[in-house]
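Please keep the sequence and the structure in view while reading.

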Amino acid sequence: MEFSTSLSFFPTLSKPPLLHTSRVSITLHSCSRRNTRPLTEASAFSYQKFVHFALDETKRRTHLVSSPLKDNFISSIPMDGKTQLQILSFEAPKIRLLRSLCVEGNETMKVLDFAAFPKPEFDLPIFCANFFTNANTNIVVLDLNPLHDVISRRDYKEKYYKSLLPLGLKYAELLPWGGKITSESLRFFSPIVIWTRFSPSEFNYEVLYCAFKDYFKAWLDLMDLAGEEASADQILHNCEAQHRYLAWRAEKQPFSLTSGRTKMIGAAHFVQNMSFKDPGHRVLKKLIGEANAKDLVKNFLFNGIDELGSKTFLDYFPEYQCEDGTVNEKRSIIGKSFDHRPWDAAGEFVGNNFR
């Protein structure tokens, strides 16, 4: 059984993102301005070609083998008899887990959650693609999530993102910043993150597909060049960094998927929030049952929480601890969020300049 997750949506910003310091010449092989007409049905679009491209491209670069992880979840059949779930998982010499979760239901709702996690012997970023589509809107997060903090670790930012800034500039023009992201969540994003929302149209979907292909090929290029870490201490450091990332993603969603008075069931709600009290969990629970939903999120989407470390969410983020020892359900303790891209064209963090 295969699975794809999609997330996309599009707000109009009051001013262009800071990353747009000049107009960039865009060349999209399969995208042309002729295709700006809106799609009459979201059902005309599928995230399957994203998954197929990623798998084919990965097989060209490395020895990709099927992971038995997916076998634990292929029996999760939606109880509505209409929604299709597709689950895939793979391993490679430098990849701990490449996995895809795809939902296609009721003709218009589509979700893709696609990620590639490096083995701890490599300090590679984590490839992250979370897309959600319905008849009216798309919500998109596409990034090479940094394993180590790019705001405080300039060496890590220079190592992996300096050469990719033109790529980020290219797509920041076509896929503008999607609205507020909390400062706590921002630490898990890179200067080239695509966080956007848009209305369904053939052109927008082609741009997204081109962005996905370019970002994934960029990640594979980094993988090709990555050398195995020899230091046991550094391997443990990488392992803990990935475990910390998983702990955050399993407990907190990166942003609010609300627009006006309408609550949207985006991918972050649908498969990335482990509070199991929000509308997203209710949708997943409705599809495959509560026990299966919890198992799928913890042991498939965020596989490694039990294997890579023993620390808890509160060990990493003690500021979220309530007096009774439980986790504060607030998405932000600091209370600061970013309406616009907090990196400039040179990849420098300028979020502290915002009021």
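A residue is called partly exposed here when its relative accessible area lies between the limits for buried, under 20%, and exposed, over 50%. The model is predicted, and a total of 16 salt bridges is counted in it.

**Salt bridge within a helix**
- R154 and E158 are four residues apart, about one turn, in helix α2 (residues 154-160), and their side chains form a salt bridge whose closest N and O atoms are 3.8 Å apart.
- R154 counts as partly exposed because its relative accessibility is 44%, and E158, at 34%, is likewise partly exposed.

**Other salt bridges**
- R153 pairs with D155 at 2.8 Å, N to O; R153 is partly exposed at 27% relative accessibility, and D155 is partly exposed at 48%.
- Through shared partners, salt bridges join E57, R60, R61, D221 and D224 into one network.

**Packing of α3 and α5**
- The axes of helix α3 (residues 165-174) and helix α5 (residues 202-225) come within 11 Å and cross at roughly 165 degrees, and the two helices are therefore roughly antiparallel.
- The crossing of α3 past α5 is left-handed, and the residues in contact include L167, Y171 and L174 of α3 together with F203, V207 and A211 of α5.
- The residues of this contact divide into nine nonpolar, one polar and two charged.

Technical notes: Residues are numbered from 1 along each chain as its sequence is written. This is a predicted model: local features need pLDDT of at least 70, side-chain atom pairs count only at pLDDT 80 or more; totals for chains, interfaces and linings use all residues. Side-chain values use heavy atoms; hydrogens and water are left out. Axes are lines fitted to C-alpha atoms, for helices over the stretch in contact, and angles run from 0 to 180 degrees between N-to-C directions. Angles under 35 degrees count as roughly parallel, over 145 as roughly antiparallel, 65 to 115 as roughly perpendicular and the rest as oblique. A crossing is left-handed if the near helix is turned anticlockwise from the far one by less than a right angle, and right-handed if clockwise. Contact means heavy atoms within 4.5 Å. Ala, Val, Leu, Ile, Met, Phe, Trp, Tyr, Cys and Pro count as nonpolar, Asp, Glu, Lys and Arg as charged, and the others, Gly among them, as polar. A salt bridge is a side-chain nitrogen of Lys or Arg within 4 Å of a carboxyl oxygen of Asp or Glu. Buried means under 20% relative accessible area, exposed over 50%, partly exposed in between (1.4 Å probe, protein chains only).
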